[in-house]
Amino acid sequence: KAVRTLAAKACERYSESSGSNSDSAVRRAASATIRSICVRASSQMQDGGSNDVWRKVVMPTAFIGRHDKDPKVSSLWKDVWEEGDSATATDNRDGTFGVTLQEQLLPYLVKSVVAALRSLSWENRIAACAVITELAEANVLAPTPRSTDDNVSVHSSDRFKQRAYASSSILSECVKIIRRSRVWAGKADVVKAGVMIAGKWASIAAVDGAGESRVILPIVLQKDCQDDLFLSDGWFTLAPETTNDKTEDEGLGCNNEEPANNDDVLTFENEGVLDFASENEFPEEDQVTDIDMDDRNSSNGSQQVTFAGFCRVLCDQGLRTNSNETVDGILPYKAAALGGLSSLLQSLCPSAESSSQQAVVSQQRAVYQLLVPRLFAFVKEKGAKPPPPLLIAKSLESLASAMYNGVGNNPSSDYDNALVLLGFLSTETDQAAWTVRQTSALAAASLVANMASTAMRKNDVITTVLECASKSLNDRKFWRVRQAGLELILSLVSRVGKQRVSDVDSESQLLMEAILPYKEKIIDIARQSLRDNESQVTATASKITLTLAWWP
């Protein structure tokens with residue numbers, strides 16, 4: 001029991017020695033203490049006591065500690081995690097599920113990660129984001145793989161539930177941080193972590209409550225909740241003063257450093273010693289509380305994030321105008337927010353075979369109508385100080401990702417008129433920044449790929465597409481711009497595909513007949529591009545010629 005008490009106290013000291021209380025000597029001593037126990041007395045880790053201190057406290061702390069900014073501390077925690085892997089691995093010993101140790105410890109990892117995200121230390125938040133990204137990339141914070149048959153075991157169901165509740169807890173905490181107005185070094189990592197989790201679950205989220213499940217999923221698709229950030233909270237309708245976080249958001253700023261430490265020359269031999277002399281015997285019962293994954297309304301429980309609400313928050317953060325662009329970290333954060341918006345929109349891909357395809361497309365259309373007017377206004381802003389090219393390129397990338405199947409079929413709306421959209425994107429190909437020229441051509445390619453067939457068959461539309469592509473192909477300096485122009489042409493001919501007239505359906509045949517008068521021009525463009533010095537440009541040109549080879 002004394003060893004378990006020492007380990008629990010060392011973890012507590014490590015967690016407390018950050019932020020304004022930062023003390024690297026204590027952090028090194030705490031991590032070195034735990035490592036010594038794991039290496040020299042590994043048998044102790046097989047007995048965690050009634051509260052299983054090793055699995056519920058030490059291993060989660062070690063998993064986060066591996067991302068400590070101090071290389072020596074990080075190395076010590078890596079040793080603890082590796083040594084404890086085999087000693088603490090178990091098979092559903094305490095109601096947790098999974099194959100890997102990370103998944104078996106997921107409820108306890110989530111509790112530690114949420115505590116780190118709520119910490120006043122930005123260093124702890126950054127480490128927590130690194131852990132979230134690692135778990136998401138390993139598909140631990142993602143839906144479980146679906147069975148090939150209709151039989152779903154109880155174990156698989158419980159495993160799915162554990163992942164859903166864990167993902168929901170972390171996602172809701174990330175969204176709460178993102179929506180705050182203050183920008184700090186590392187907040188972009190929170191955006192990346194939150195978007196990764198939301199993207200993993202958006203593909204299986206129920207649309208407008210269809211297919212209700214007993215499991216609360218982290219993200220929902222609701223057309224009638226466009227003013228909600230969390231389900232039914234009406235966050236976007238609240239007055240600005242009620243949505244500010246008074247404890248963290250008093251003014252904008254971006255601080256890059258934690259309080260300075262004076263122990264840069266500290267060596268392993270003279271590290272501080274943890275002093276437990278003033279502490280009474282530490283009762284294990286006070287250290288660990290079990291996490292009830294079914295407690296959906298607890299402080300660490302799940303709050304469902306709405307897809308449209310999360311997109312709006314990311315758009316607000318990326319296009320914010322009340323921040324000082326000269327402050328370090330503001331521009332990268334805005335770019336990260338817009339990049340996250342693009343990734344989140346791309347994660348919602350309706351399947352043609354799915355029964356919910358039309359419902360998902362309807363959700364995409366609703367999100368498009370929410371975001372595109374703001375993105376248009378931002379890109380077209382021409383003033384004494386226009387937006388940075390990086391943000392314009394990211395905005396165009398988000399615009400491309402927002403395109404839904406059937407876009408451009410509403411002549412009465414500038415934001416849903418195919419010819420207006422193409423004309424706008426064509427003018428952006430004349431911008432000085434090559435990244436803007438590239439993304440505008442790629443956005444036009446996305447528009448063509450998703451455009452309604454009735455709009456695509458118009459001669460004015462096809463002509464504008466070829467003009468936009470020609471502008472990009474005239475760029476002799478940046479091959480990525482030329483490739484983007486060819487991608488635009490490829491998206492045009494791919495609407496018909498490698499089919500002969502006798503084999504295509506009536507809709508594709510009408511589209512082919514509309515494009516056929518321009519076939520020779522397209523072939524000439526592709527043949528000229530085959531002589532390009534860049535291999536990726538010639539590869540795209542080859543795809544165009546191969547597709548047209550099947551045409552009459």
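**Entry 1**

I looked up phenylalanine 307 and its neighbours. Leaving out residues up to four places away in sequence, phenylalanine 307 touches Ala202, Ile219, Val220, Leu221, Leu344, Leu345, Ser347, Leu348, Gln363 and Val367. I took contact as heavy atoms within 4.5 Å. The model is a predicted one: local features need pLDDT of at least 70, side-chain atom pairs count only at pLDDT 80 or more, and totals for chains, interfaces and linings use all residues. I number residues from 1 along each chain as its sequence is written, and side-chain values use heavy atoms, with hydrogens and water left out.

Next I looked at the largest nonpolar core, which has 148 residues. Phe307, Phe310 and Ile522 have the most contacts inside this core. Its largest share, 10 residues, comes from helix 13. A nonpolar core here is a set of buried Ala, Val, Leu, Ile, Met, Phe, Trp, Tyr and Cys residues joined through side-chain atoms within 4.5 Å. Buried means under 20% relative accessible area, exposed over 50%, and partly exposed in between (1.4 Å probe, protein chains only).

**Entry 2: two helices**

I took helices and strands as DSSP runs, numbered from the N terminus (helices H or I, at least four residues; strands E, at least two). I checked the span of helix 9, residues 187-202. At 1.5 Å a residue, its 16 residues should span 22 Å, and the end C-alpha atoms are 22 Å apart, which agrees. The expected span is 1.5 Å times one less than the number of residues. The buried residues of helix 9 include Val190, Val191, Ile197 and Trp201.

Then I went to helix 15, residues 418-428. Its buried residues are Ala418, Leu421, Leu422, Phe424, Leu425, Ser426 and Glu428. They pack against helices 13, 14, 16, 17 and 18. At the start of helix 15, a side-chain oxygen of asparagine 417 reaches to within 3.0 Å of the backbone nitrogen of leucine 419.

**Entry 3: salt bridges**

I counted a salt bridge as a side-chain nitrogen of Lys or Arg within 4 Å of a carboxyl oxygen of Asp or Glu. The count comes to 17 salt bridges.

I picked out arginine 28 and aspartate 70, which meet at 2.8 Å, N to O. Arginine 28 lies in helix 2 and aspartate 70 in the loop between helix 3 and helix 4, so the pair ties together parts that are 42 residues apart in sequence. Arginine 28 is buried at 9%. Aspartate 70 is buried at 14%.

I also looked up arginine 482 and aspartate 532, whose closest N and O atoms are 2.8 Å apart. Arginine 482 is in helix 19 and aspartate 532 in the loop between helix 21 and helix 22, so this pair ties together parts that are 50 residues apart in sequence. Arginine 482 is buried at 7%, and aspartate 532 is buried at 12%.

I noted a network of salt bridges as well: Arg27, Asp68, Lys69 and Glu123 are linked in it.

**Entry 4: positive phi**

I found asparagine 139 with phi near 60°, a positive value in a residue other than glycine. Asparagine 139 sits in the loop between helix 7 and helix 8. Its relative accessibility is 37%, so asparagine 139 counts as partly exposed.

Serine 232 has phi near 70°, again positive in a residue other than glycine. Serine 232 is in the loop between strand 1 and helix 10. At 63% relative accessibility, serine 232 counts as exposed.

Terms used. A polar contact is a pair of N or O atoms within 3.5 Å; within protein, one must be able to donate a hydrogen and the other to accept it, and residues adjacent in sequence count only if both atoms are side-chain atoms.
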